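Have the viewer ready and follow along.

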Amino acid sequence: AEFYTKAIQAWPTNAVYYSNRAAAYTHMQKLEQAMQDCHRAIELKPDFSKAYSRLGTLHFQQKRYKQAIDEGYAKALELEPENGQYKQALDMAEERLKEQEEAEQL
């Protein structure tokens, strides 16, 4: 994350650096910082599918499956419909959301 921070300082409008730092933060379990970087990457480059996918992953890891779908994976897949990873992630989030909703009804 430190090197991406330096890169962002040098080029603060580069969405890829924010997205990559978000991935690093995610691996470090710094989820709030990762979320902020995903949002910043999307703000800078609204058609950046990987940033949406990473945002979806953050929500998924926190068991916020509806947000993972709505704010992340569905948008990533809309931007890049041929991406199999995004489709697989969306399917998994939809499955978990269904399980979560069924468990809540018990």
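**Charges along the helices**

With a relative accessible area of 46%, aspartate 70 is partly exposed. Keep in mind as you look around that this is a predicted model. Which residue does aspartate 70 pair with in a salt bridge? The partner is lysine 66, and the closest N and O atoms of the two are 2.8 Å apart. Both residues sit in helix H5, four residues apart, about one turn of the helix. Lysine 66 also counts as partly exposed, because its relative accessibility is 45%, a value that falls between the 20% and 50% cut-offs.

Side chains of opposite charge can pair when their charged atoms come close. A search of the whole structure finds seven salt bridges, so let us visit two others that meet the 4 Å limit between nitrogen and carboxyl oxygen.

Turn to helix H1, which covers residues 2–10. Here the side chains of glutamate 2 and lysine 6 meet in a salt bridge, at 3.6 Å from N to O. Because they are four residues apart in H1, about one helical turn separates glutamate 2 from lysine 6. How does their accessibility look? Glutamate 2 counts as exposed at 53% relative accessibility, whereas lysine 6, at 45%, counts as partly exposed.

Next comes helix H6, which spans residues 84–105. In H6, lysine 87 and aspartate 91 are four residues apart, about one turn of the helix. Their side chains meet in a salt bridge, with an N to O distance of 2.9 Å. Lysine 87 has 39% relative accessibility and therefore counts as partly exposed; aspartate 91 is partly exposed as well, with a relative accessible area of 32%.

Which residues form a negative surface patch? They are Glu95, Glu99, Glu101, Glu102 and Glu104. One of them, glutamate 101, lies in helix H6 and counts as partly exposed because its relative accessibility is 40%. That value passes the requirement of over 30% relative accessible area for patch residues, who must also have no salt bridge.

Finally, move to the loop between helix H5 (65–79) and H6, where asparagine 83 lies. Is asparagine 83 buried or exposed? At 15% relative accessibility, asparagine 83 counts as buried, because the limit for that label is under 20%. A polar atom of the asparagine 83 side chain lies 3.0 Å from the backbone nitrogen of tyrosine 86.

Notes. Residues are numbered from 1 along each chain as its sequence is written. This is a predicted model: local features need pLDDT of at least 70, side-chain atom pairs count only at pLDDT 80 or more; totals for chains, interfaces and linings use all residues. Side-chain values use heavy atoms; hydrogens and water are left out. Patches are made of residues with over 30% relative accessible area and no salt bridge: like charges are joined within 9 Å, nonpolar side chains (Val, Leu, Ile, Met, Phe, Trp, Tyr) within 5 Å. Accessible areas come from the Shrake-Rupley method with a 1.4 Å probe; for residues, only the protein chains shown count as cover. Lys and Arg count as positive and Asp and Glu as negative; His and the chain ends are not counted. The place of a charge is taken as NZ of Lys, CZ of Arg, CG of Asp or CD of Glu. Helices (H or I, at least four residues) and strands (E, at least two) are DSSP runs, numbered from the N terminus. Buried means under 20% relative accessible area, exposed over 50%, partly exposed in between (1.4 Å probe, protein chains only). A polar contact is a pair of N or O atoms within 3.5 Å; within protein, one must be able to donate a hydrogen and the other to accept it, and residues adjacent in sequence count only if both atoms are side-chain atoms.
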